[in-house]
Amino acid sequence: MNVLNSFALLANGEALDWNQIPEYSLSDFIRNVSEELELGARMVSFFALPEGSEKRLVAVLALDSSSVLCVSRSQPFSGSFPSLTPKYPEAHLFEREIYEQYGLLPLGHPWLKPVRKNLNVIQDPKNFFSVEGSEIHEVSVGPVHAGVIEPGHFRFQCDGEEVLHLEIALGYQHRGIEEALLGGPHRLSIHQIETIAGDTTVGHSTAYAQALEALAGVQAPLYALWVRAIALELERLANHTGDLGALANDVAFIPTSSACGKIRGDFLNLTALLCGNRFGRGMVRPGFSPIDCEPKRLALLSERFEQTLRDALQAVGWLWDSASSRARFEQVGAVDTPLAAKIGLVGLAARSCGLVRDVRFDHPTGWYRFAQVPLAVWPDGDVFSRAKVRWLEMQHSGEFLKEQFNSQPEVESAEKITSLAPDKLSVSLIEGWRGEICHVALTDSEGRFRRYKITDPSFHNWMGLALALRNQAISDFPICNKSFNLSYCGFDL
Amino acid sequence: MLKMFGRSLKLRQVSAGGCNACEADINVLGTIGWDLGRFGIQYVASPRHADGLLVTGPVSKNMELALKKTYDAVSEPKIVIAIGACAISGGPFANHEQVRSGVDAVLPVDLYIPGCPPHPLTILDGLLRLLNRLEKQT
Ligand code: SF4
């Protein structure tokens, strides 16, 4: 029997009836999921939800090459389930999260620790992997770091300058977003979605809009899709510019770092020109577009954009012209392609390891069904590669936006979404600037959120940073860290 | 304020559970477009070098202890500035059981700068007013 029969198939941005999703006994469910992962499917989301006094598991996998998502669920059970992690490490954090949120024990999980709730356990030094030996020393950093940056705790096991192992403990930014969404959408929900990760406001709010539109059976007008794509690419450009500036700063290449710091702000100001807020708050709403970009504003946007893009490409160009900066990035913090696939990296971190993985390309929705952005991939997996992919993406997004400014669709009137269909599940993926954002929404019999599962790309990628540090000099940590630039708050929720 | 700190103000930033957009716009003031240093204001790495804290976020319970410890490490006299809706009242996360809904639930606050996030200009305006450095409008 084809294992795929044991899953319900859907495309990105679609919804299914909850009872259409095949339900299996726990052991069959786990077997089906592993068989599918074995055949090359990718784990997009894996979570539990309560069912009476018991719980059940839901898995969402992606078949990227066929643009298909598949969903399956287990029958309700309690106690434990066989861990997928020993064979499929990409499941490791999902299983820790399931254990933390619903107490289901993943039997055989090699490193079962809380994720974000039980901080005393998370940061207890006893619960970190430690390397033994007379020459070994441990460096512990954070939660408060030496800069204007979010909190996290890092423990390095070092032999002299060389890092043998790095373990990253997060959770400090946990503020209860998933719990707060239960029973929603509430009036505050959209604002909480916009602040899952402040630098990815457009990414997360677009994923939310798409999830709700699927649940309401509503098609957002083309105009709204156009605005979202413009805003998403502006967000990408602002962040990539800032990151390349930060990387330049860490190797003391000041011209690029100074200029990019300012140009990043110029991109944010373009976002503000569209919606009034530099981070895109208020840009995206389910069902319609709150933004009307009239001809005068569009002309101004497009004119300022061309200038800003030219400035950005010039400033980053200086960095590439500097051989000593390039040399500092090469062969530092490398993650090879098989390892990247194994731990389930997404987004630019994955593409920098040679993995062809981009939601805009594999699972296009919205405006990306009509206009394509070329994919940027680089094979080496090191800091250089991650900088290079950002650089390529800046050029691609730049060209894309210039074209899209000329293809503005007609404004159509559309309604706000007032109610969602009951007992439905929708899966919504968006390629944010860091990578794949996944929102899975499930409604109850009243059409309220029964579960709203958020996966920020950082959830998949923090492990990538930890592994990139293996056998590197500890002094290379800053550039490795900047080259990933992952979100603490997006992870911590 | 001038009497307390002379002409310079060194601040240590602590994020405590927000969305990181406030931090982003605090950072912006340090870039060449704004050059905060010319006003004698600087962000420093160690609380021991600081005259006060810039706090963002609703103060997640998971950050409460780290925030208090950082505050204790700043020598007297010291000030606390709460930046953004989160730091003022909990913002979008107000009343979640995982947060303390504002910095003043944990530390005495001397200045509140509103916004979600506040524009860099708003932050600058707040800091300069605190230092009594805004020129009088004529
Ligand atoms: S006030 Fe707004 S922008 Fe600032 S941290 Fe809170 S949610 Fe983010």
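How many nonpolar, polar and charged residues does the lining of the second largest cavity have, by class? There are two nonpolar, two polar and six charged residues, where Ala, Val, Leu, Ile, Met, Phe, Trp, Tyr, Cys and Pro count as nonpolar, Asp, Glu, Lys and Arg as charged, and the others, Gly among them, as polar.

Some ground rules before going on. This is a predicted model, so to speak of local features we need pLDDT of at least 70, side-chain atom pairs count only at pLDDT 80 or more, and totals for chains, interfaces and linings use all residues. Residues are numbered from 1 along each chain as its sequence is written, chains are lettered from A and ligands numbered from 1 in the order in which they are written, and side-chain values use heavy atoms, with hydrogens and water left out.

**Cavities and a pocket**

The grid has a 1 Å spacing and covers the protein atoms alone; a cavity is a set of points where a 1.4 Å probe fits but cannot get out, a pocket is an open set with protein on both sides within 12 Å along at least five of seven lines, and lining residues have an atom within 4 Å of a point. Points are joined across faces, edges and corners, and a volume is the space filled by probe spheres set on them.

The structure holds four cavities of 30 Å³ or more.

| Space | Volume | Lining by class |
|---|---|---|
| Largest cavity | about 110 Å³ | 10 nonpolar, seven polar, two charged |
| Second largest cavity | about 50 Å³ | two nonpolar, two polar, six charged |
| Second largest pocket | about 630 Å³ | 18 nonpolar, four polar, four charged |

For the largest cavity, 19 residues form the lining, and the closest to its centre are G18(B), C19(B), C22(B), C86(B) and C116(B). Helices α2 (21–28) and α4 (84–89) of chain B each give two or more residues to that lining; helices (H or I, at least four residues) and strands (E, at least two) are DSSP runs, numbered from the N terminus.

The second largest cavity has chain A residues around it, including R42(A), R357(A), D358(A), D362(A), E431(A) and E436(A).

As for the second largest pocket, 26 residues line it, with H92(A), R96(A), W111(A), E167(A) and M463(A) the closest to its centre. Elements giving two or more residues there are α2 (92–102), β11 (162–169) and α15 (457–468) of chain A, and β11(A) gives the most, with five.

**Where the chains meet**

Contact (heavy atoms within 4.5 Å) takes in 38 residues from chain A and 33 residues from chain B. The buried area is about 2700 Å², with carbon and sulfur atoms giving 58%; that is the accessible area (1.4 Å probe) the two parts lose on being put together, summed over both.

On chain A's side, α4 (177–181), α5 (189–194) and α8 (254–275) each give two or more residues. Of these, α8(A) gives the most, with five residues.

**Salt bridges overall**

Over all chains, the search finds 36 salt bridges. One of them joins the side chains of K117(A) and E179(A) at 2.5 Å, N to O. K117(A) sits in the loop between β8 (105–107) and α3 (119–122) of chain A, while E179(A) is in helix α4 of chain A, so the pair ties together parts 62 residues apart in sequence.

How values were computed
A salt bridge is a side-chain nitrogen of Lys or Arg within 4 Å of a carboxyl oxygen of Asp or Glu.
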